Structures are given as structure tokens and as C-alpha cells.
Amino acid sequence: MKQVNKSVPKIDGMGLAKGKPAFTDDLADSNAIIVKVLRSPHAFARIKNINVDKATKYPGVECIFTHKDVPRNVFTRAGQGYPEPSPKDKFILDEYVRYVGDELAIVAASTDEVAEQAMKLIEVDYEVLEPVLDFEKAENNKSVIHPEKEPYTMFPMGFDASKNIACTYDMHVGDVDEVLKNSEVVIDKTYYTQAQAHVAIETHSSTAYIDHYERLNIITSTQTPVHLRRIIGEALGMPINKIRVVKPRVGGAFGGKQQIHGELFCALVTLKTGRPSKCIYSRKEVFESSFSRHAMRLNIKIGAEKSGKLKAIDLRVLSDTGAYGEHALTVFMIAGSKTLPLYNKVDAVHFGGTVVYTNHTPGGAYRGYGAIQGNFALESAMDELANKLNIDPLELRKMNMIKEGETSEIFKIMGEGGEGTAQIIESCKLDYCLKRGSEMIKWNNKYQNKNKKVIDDKVRGIGLAIAMQGSGIPNMDMGAASLKLNDDGFFNLLIGATDLGTGSDTILAQIAAEALNVPVEDIVVYSSDSDLTPFDCGAYASSTTFVSGNGVKKTAEKMKNLIISEGAKHLKIDVSDTIFDGKIIKSKDGENSISLKEISKGWLYNYGQAQKQLLAVDSYVGKKSPPPYMAGFAEVEVDTKTGHFDILNYTAVVDCGTTINPKLALGQMEGGLLQGIGMAVYEDVKYNKYGQMLTNNLMNYKIPTREDVPNINVEFADSYEPSGPYGAKSVGEIGIDTPPAVIANAIFNAVGVRITDLPITPEKVLLAMKKKQIK
Amino acid sequence: MKIKLKINNQDKIIDIRPDEMLLEVLRKNGCLSVKHGCDTGSCGACTVLLDEKPILSCSYLAAKAEGHSIITVEGAQKKVEQISKYLVDEGGVQCGFCIPGLVLTVMSMEKELNNPSEEEITHYLSGNLCRCTGYSSHTRAIKKYLEEKK
Ligand code: FES
Ligand code: FES
């Protein structure tokens, strides 16, 4: 392998560092109309009357839309495939506002200032309703968040708006209650995970214009341009052949940009005025009025023998989807489907629960996507079991975890909102990950020496967890590519895959280069333009390397065969006697040959009736979703006087198959780990009793800074996934999953207290220690 | 109102509103490398150099820049390339949104600190948030850059 498993520098890295205009706001027309959104100050209210007369007359105002002026088509902003596994429960604008920050009116004006002034002139008469702000009291609450009649789901998912239920799900293998009853030991615990904000540094941004074909063009910071085109068509009731969606460079996404944000507002304004418009969210809008990770309550029971052999796992989840149901079902299901298969040898397993509406900012896709929530519960409970049985947690994992060549029934039962896809695990180096990670962090010495005093009141502890994710959604997600041969023998690679800063343009170029045996420089990439690039579902569900990567590999192999068959014709030799080595097309004995440089020129300019354009297109849909795996370890130092703790080391050993680009894979891991550490110990979306978000800016919502980075050590296991492109699996999400459980386990190891609700703060640790002393 | 200032070594007289922030003015005047990341002066994406010192242009009144010299990434391409080579090689440019502000801060750190330790580096740059990389690649790159520059 020459071009893959190689740290090629990211192809757009230098251009971006040098500040080339590449992001949505950089590309917007300098005279674009400014689009702003008037947002609800109430957590739940009905608009009795809204008067925009004064605002419309304000000089500089172009137009204003309220719920009376926009098409009333119900849709979901989730940005998923079709049919969508999220309830259709959203209108562009509605007579109800369901959370603080929900959209009331769209204001288009010549400048920001004019728009701001105009918004103040809009008169709204509210009927303020009793909000539902405690998700544990949402079900059957007398306040019904979606009283309207239009919402529906595209397939059964237990949706019942009258009870504030977005969806329910239940599955089991064997009789869990029975097996638990007969288990020698049972752990029965409840964990809580909080809402987390994505905080991509670029806020949600979109711009629109009408081109000379009179089509609506939308440039937007999105993960899913093709889904977006479909959803905009659906919401506006307009044929999608009139819409083009272009994804420029995206300033970070992490799931937050899978959903729709300002695109529809720009579309409405541009369609009405015929002029370019742009909608750039403020940071406050991103916090309050986009999406956050679904907060969850997870009840888990694990039954085991005294030897440590697991017998049954029962996981019951309550999830808060906020005001709208984007990703309600799928995130919640992944809390089970991407955690429970880790322990595949149990006699019985049950997963089920409910996702409820509340008057919070909606939940949405966020890196980890339920797996991080499920992992915190499962891997904390496993630690509690190890402690109860007095078994080393490392040994408990080894005894019970999934191994290469095995399967889990859950793969077949649980899929993307419906049934899943059975698969045998062909690559799983969890045993190596645990072994290597424990060497790196010196587990054996440190685990036994728990509560080790270092200085004064400080004690150290160590913890671990294992995790899995997936690689795309099998039999559903598709990635396609086309390759065009140009004179001088270089290629255009057109891909629908959406690079979010992840480096997918680079690794997909590497895959094409590898298949064609040409240098990466000879692959010129253009991605994510709904008019020009082949279909791709978009960047989510850890799909790009595996799904789009396989699509690119197939396409490049097709191109190689095309070069050989057409080259043979030119050389007048038999195809079976022709080889292409990346530079030269030749007969096996080398007697007849021509360089790609020369023939590519001839095919375009000089071969008369034999002139032709070589173009290859192919696509790929996964038959399986091979999980990447990892083992995470952390060492913490806790101050027993104050509860303050430092994470001294974080060690991660990862099996993501063969890395296509080790440095970029490392970047995914390091970035994912720090976001996971953020969720574990810093970040918390908080509301007051009126449902107003308290953490709606970067001063109150702290993401880790450079000074918060512990000593992080990441290594990759030597692994090869047969179904992956050149052995690769996904790496985008797996890194975020372990920190919450690992750090909770390490703190337990240090001071003997167990934090069961995230984030783990010094105050919680201190209170727990005090409580323990009193006991 | 009109102000006189230098942007990327060019003398300019530009029309501004008295309440306009420097960030908006720079972007309107073609410096699109200067990014807007927050409303509270917390992210560092809007960093520019004012008389060689980093400032947050989102919370700096354009009117106050009268008579001063502003450098953005557009005006320091060569130096930016030297530093960024290390960032790119270490995989430290993911989405790239935070990078122009970061690189300008590194330029000023180089002038201010002699032989900084890793701790001093992360402290100096701590106002430049990055949500993609986890920062470790930045630290490796900047250390290497400073090392090889010697
Ligand atoms: S834009 Fe965030 S600090 Fe200036
Ligand atoms: S590279 Fe994306 S924010 Fe730093």
C-alpha cells in the first residue's frame, strides 16, 4: 500500500490556514439581504396575534414572514435519509412556540441593525402555556407540546403526541427477568447523562441566491447537502429540480450540522425578493435555538455469576428530545445497539424505553449519538460489578467481551429505527487494545494501589472502559463517486461525501490514488454539490471512510479497468494481455506500451473517431457496519479536601481497522477524546425554572481550552477489516464514547465514590465523599 | 465617520459607523480570514494583530483603530505559511476555522516569549479555542516549529 496508511497532509490544510475565503459567510454576496429570526421568550406559548405592520414599514426592511405567510407543510429538520426515522412534527413557522428560542418570525433587512430594530417593532400577543421542563414528568403531562393534528411518522415508532411521546421501542432476547432472578449477583443502577452543546467554532450559516437559470442556490454549512435539498423541497412544497445545495468548507459540525437551520429562512427570503440573502446564527442562537445532545436517564441491571460471567443485561432509557423529535428514535436506540453487543455472551438482554417531548431546545445528532450515553451507564455498571465481585475490571471485560469471529443478536434486531443487519465481526482487536492500554498506563501496579496518597490530601485512581461504534448504516447509506480522466493523465474525483474538517476529501483522494496506483496530487477532489457530485448520504453515522471510501475504491477500480480495456484497443493488443501500472499502459512483455500522459491527451485531442472521455461512476451500500472498538484508560488525582480532581493521563488504544491516514485518524481520536472529556467533566446545558437556557454563551458554557488538555496518548491496533476500503473502519465517533465512564471509574478507584450523573464536578465528588463519611 | 488606518501594510481611509466593531469592518474590506465565532470575546477566531499585538477584533471598536496598523492572515502570507506547514503536517488543521486567529497569536508569542515551555505556549494560546483537534496536534506542531526555527 503506497498511498493509504500514509500521513498525507490534508489537501486543503494550507489554503485554510492562509485564510482563503472558503466558508459560507466568506462566499455570500456582499450585498446579501440579512436574515434574522425573531425568537420566543417563552418556553411554551400560543401566538394569539402577531402584528408586523410597524416593523414592515421600518426603512430598510425587505420582508417579514410569520406563520401566516409560510407554507404549512409538516416535516422534520433531522437531515436523515428517506423515509425518515424521526417524527414529522415541525412547521417552518407555527402558531405555537415550544421552547425559549423557537422561531416566531423571519425578518429580512438591508443590515443587521435594521433587522434588530425591526424585530423590536413586531408586536406579539401570547397565550403563555405551562411548559414541561422536567423530562421525567413529560409523559402524560397535562401540557401537550404538540396538540396540532398534522404530525406523523413514516413508519410505526410508538409516536403519541397526546402523551408527549415522540417514540418508544422495546426488544429482548431471552427472558431477562427470569435470568436476572437466577443470577448470583445483580447490579441495579440509574445513571443520568446531560445535554451537551456541539460548539463548532463556525456558527450555523447559510446563504441563498437565484442563478441565471432561475434556480434557487443554497450555500450552507451542512453535513447533508442532498437530504437538505429533499427536505427544503418538502417544506416549501417546491420541486427539487429547482434547488441546488452546495456545501463549502464547514467550520466544524460534530452532528450539529446534520440538521436544518437557517437554510429555509434564506430560501424564503430569496424566493420572495429574487435577491441574495444570508442567515448567520449568533453564538446565542446556536446554543438556544439549534440542537444539543439528548439528555437521558438510563436504568441498567446486570446479572452475573460470582465468577464474573455475565448472564443478563437490562437497559431501560428515558430520553429528552426537547420541543421537536429530530433523531429522537435513533439516538435512543443507539444507546443500546452500539453498547450492548460489547457483551454478546449473555443469556438474555433487554433494551427499551421512551423518548419524550419537553419544552427544551431540541435534541439532535451529536458525535457518539446515544453510544456515549449508553456507554456511561454500561461501563460504569460493569465497574460496579467488578467492585462487588472483587474482580479486576480489566479481567471482567476480557472474560465477557465480544471477540473476532463472533456476533451479537442485537445487530440483526436493532437498526436505524427499525430492524438491523446481522453481521459476523471480522475485525475486533479489543483484547489487544486492553492489553496495550494497560501496559501504557501501567494498570496492574496502579489499580491495586488504589487510594494511593501522593501528597497531602491528594489521592490517585485509575479507571477503564471499552467502547464500540459502527461504520455507516448498512443496506441504507450510500456513497457514490465519479472519476474523470483529463489530458496529462490526472483525474477529477467528484464525491458527494461531505468533508467537515474531518479530512475526508484527503483520505478519499488517497483511496482513489491507491486503486489507480497514482500519486495523490493527480487526484483533484471536488465534493458536496447537489448539482455536480454523485449522491452521498452525507457525513453522519461514522459512514464516510467506510461507505464513501468503498464507493471511491469501486469507482477507481472501474476507471483502472477502463484505462486497461480502452488502452488495449489503442495498442491493438488483447485486454487480458494489458496492464496499467499507474503510469504506463503496456502488454505483459512490455513490447507495446504508451504512457497515461500521452494516451490521455490523444483520447481528448488527436485520435479522431477514437477520441473519447473516460469517466467512471460507481456507488456502494454497506452490507454490514463493522464497529471500530477501543479501550480507554484514565488516571486521576483527587483532592480529598475539596473534591477537585485532575486528569493526569488519558490512554486510548483503538481498533479502527487499517488507518487510511494515521495523522488524520489521530486527529479524530484526540478531538473526540477531548469532546468526551468535556462531556464527562465540564459541559452542561442548563436551564432555569422558566426554561431559559443559562448556558447560552461561551462564558457560561465552558468547552475545554488548551490548558485543560491532559496528557493524552493514542495508539492504533494493527487491524484489517476485510469489508473496509483497504482494511479501514470508521474513526470519527468512537473517540468520544469512553471518557464519561472511564473518569467516573477512575474517581471511584481513587476515593471510593461513584458519580452517576454527568458531568462529574468537584462539588459532586466532594458531596459524595462527605455522604460516605457520614455513613 | 471616516477613519485612517493601515490594513496589511496599506494605508486606508474607510467609512465606518461609530458603533461598528473592527471585525465587521475588516471582513467588509476583504479580510475574510478574520472569523466570527462567538458573541462574548471568548473564542479567539477573530484575532488580528494591532501594532503587532493580538486583539479580539469582535470586541474592538473600529473607531479605536484610527492611526493603527492591523495585520490579518492576508497580510502575512509568508510567515503564516511557515508556521502552518507544521500545523498541517501534524494534522492540526481540521476545519481550519480557528487557524488564522491561532497563527497570528503564535506570531506574536514568538516575539514576546523567548524559548517558551509547553506550559507557556498553551497558556499564551489559551484564548484561541478549537473544537476539532483536541489541541495536542497544535502543541506538537508549534513546539516543532519553534525548535526547527532555532
Ligand atoms: S469572535 Fe469569538 S472572540 Fe471574537
Ligand atoms: S480546526 Fe476546527 S476549530 Fe480548530
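Start in chain B. Select Ile99(B), Leu102(B), Val106(B), Met109(B) and Glu110(B) in H3(B); they meet His138(B), Ile142(B), Tyr145(B), Leu146(B) and Lys149(B) in H5(B). By class, this contact has 7 nonpolar, 1 polar and 2 charged residues. The model is predicted.

H3 spans residues 99–112 of chain B, and H5 spans residues 136–149. Their axes come within 12 Å and cross at roughly 40°. The crossing of H3(B) past H5(B) is right-handed.

Stay in chain B for one more residue. Select Cys98(B). Is Cys98(B) buried or exposed? Its relative accessibility is 6%, so Cys98(B) counts as buried.

Zoom out and select chain A. How many helices and strands does chain A have? The count is 20 helices and 27 strands. The radius of gyration of chain A is 27 Å, close to the 28 Å from the globule rule for 775 residues, so chain A is as compact as a globular protein of that length. Along the principal axes, its C-alpha atoms fill a box of roughly 90 × 75 × 50 Å.

Colour chain A by accessibility. Buried residues account for 65% of its 775 residues. Take the contacts in chain A between residues at least 6 apart in sequence: 79% of them join residues at least 24 apart.

Select residues 504–516 and 544–571 of chain A, which are helices H15 and H16. What is the angle between H15(A) and H16(A)? They pack at about 35°, and their axes are 8 Å apart. H15(A) passes H16(A) in a right-handed crossing.

Show side chains here. On the H15(A) side, the contact residues are Ser504(A), Ile507(A), Leu508(A), Ile511(A), Ala512(A), Ala515(A) and Leu516(A). On the H16(A) side, they include Thr544(A), Ser548(A), Val552(A), Ala556(A), Met559(A) and Ile563(A). The contact of H15(A) with H16(A) divides into 10 nonpolar, 5 polar and 3 charged residues.

Step back to the loop between strand E20 (523–527) and H16 of chain A, where Ser542(A) is found. Ser542(A) has a positive phi of about 50° although it is not a glycine. Ser542(A) is buried, with a relative accessible area of 10%.

Asp531(A) is in the loop between E20 and H16 too. Its relative accessible area is 33%, which makes Asp531(A) partly exposed. Which residues touch Asp531(A), leaving aside its neighbours within four places in sequence? They are Arg215(A), Ile243(A) and Arg244(A). Draw a C-alpha distance from Asp531(A) to Asn217(A): the two are 314 residues apart along the chain, and the distance is 9.8 Å.

**A backbone check**

Most residues other than glycine have a negative phi, and most peptide bonds are trans. Look at some exceptions.

Go to Asn390(A). This residue is not a glycine, yet its phi is positive, about 60°. Asn390(A) sits in the loop between helix H10 (371–389) and helix H11 (393–400) of chain A. Asn390(A) is exposed, with a relative accessible area of 70%.

Next, the prolines:

- Pro83(A): the peptide bond from Tyr82(A) is cis, with omega near -5°. Pro83(A) is in the loop between strand E3 (61–65) and strand E4 (96–97) of chain A.
- Pro759(A): the peptide bond from Leu758(A) is cis, with omega near -10°. Pro759(A) is in the loop between helix H19 (739–751) and helix H20 (762–774) of chain A.

**A buried strand residue**

Select Met296(A) in strand E13 (residues 295–304) of chain A. Met296(A) is buried, with a relative accessible area of 0%. Show its contacts, leaving aside neighbours within four places in sequence: among them are Phe135(A), Tyr191(A), Tyr192(A), Val317(A), Leu318(A), Val331(A), Phe332(A) and Gln373(A). Now draw a C-alpha distance to Val250(A), 46 residues away along the chain: the separation from Met296(A) is 29 Å.

**Last stop: cysteines**

Select Cys167(A). Its relative accessible area is 0%, so Cys167(A) is buried. Finally, search for disulfides over all chains: the structure holds 0.

Key: Residues are numbered from 1 along each chain as its sequence is written. Chains are lettered from A and ligands numbered from 1 in the order in which they are written. This is a predicted model: local features need pLDDT of at least 70, side-chain atom pairs count only at pLDDT 80 or more; totals for chains, interfaces and linings use all residues. Side-chain values use heavy atoms; hydrogens and water are left out. Axes are lines fitted to C-alpha atoms, for helices over the stretch in contact, and angles run from 0 to 180 degrees between N-to-C directions. Helices (H or I, at least four residues) and strands (E, at least two) are DSSP runs, numbered from the N terminus. A crossing is left-handed if the near helix is turned anticlockwise from the far one by less than a right angle, and right-handed if clockwise. Contact means heavy atoms within 4.5 Å. Ala, Val, Leu, Ile, Met, Phe, Trp, Tyr, Cys and Pro count as nonpolar, Asp, Glu, Lys and Arg as charged, and the others, Gly among them, as polar. A disulfide is a pair of cysteine sulfur atoms within 2.5 Å. Buried means under 20% relative accessible area, exposed over 50%, partly exposed in between (1.4 Å probe, protein chains only). The radius of gyration is taken over C-alpha atoms; the globule rule is 2.2 Å times the number of residues to the power 0.38.
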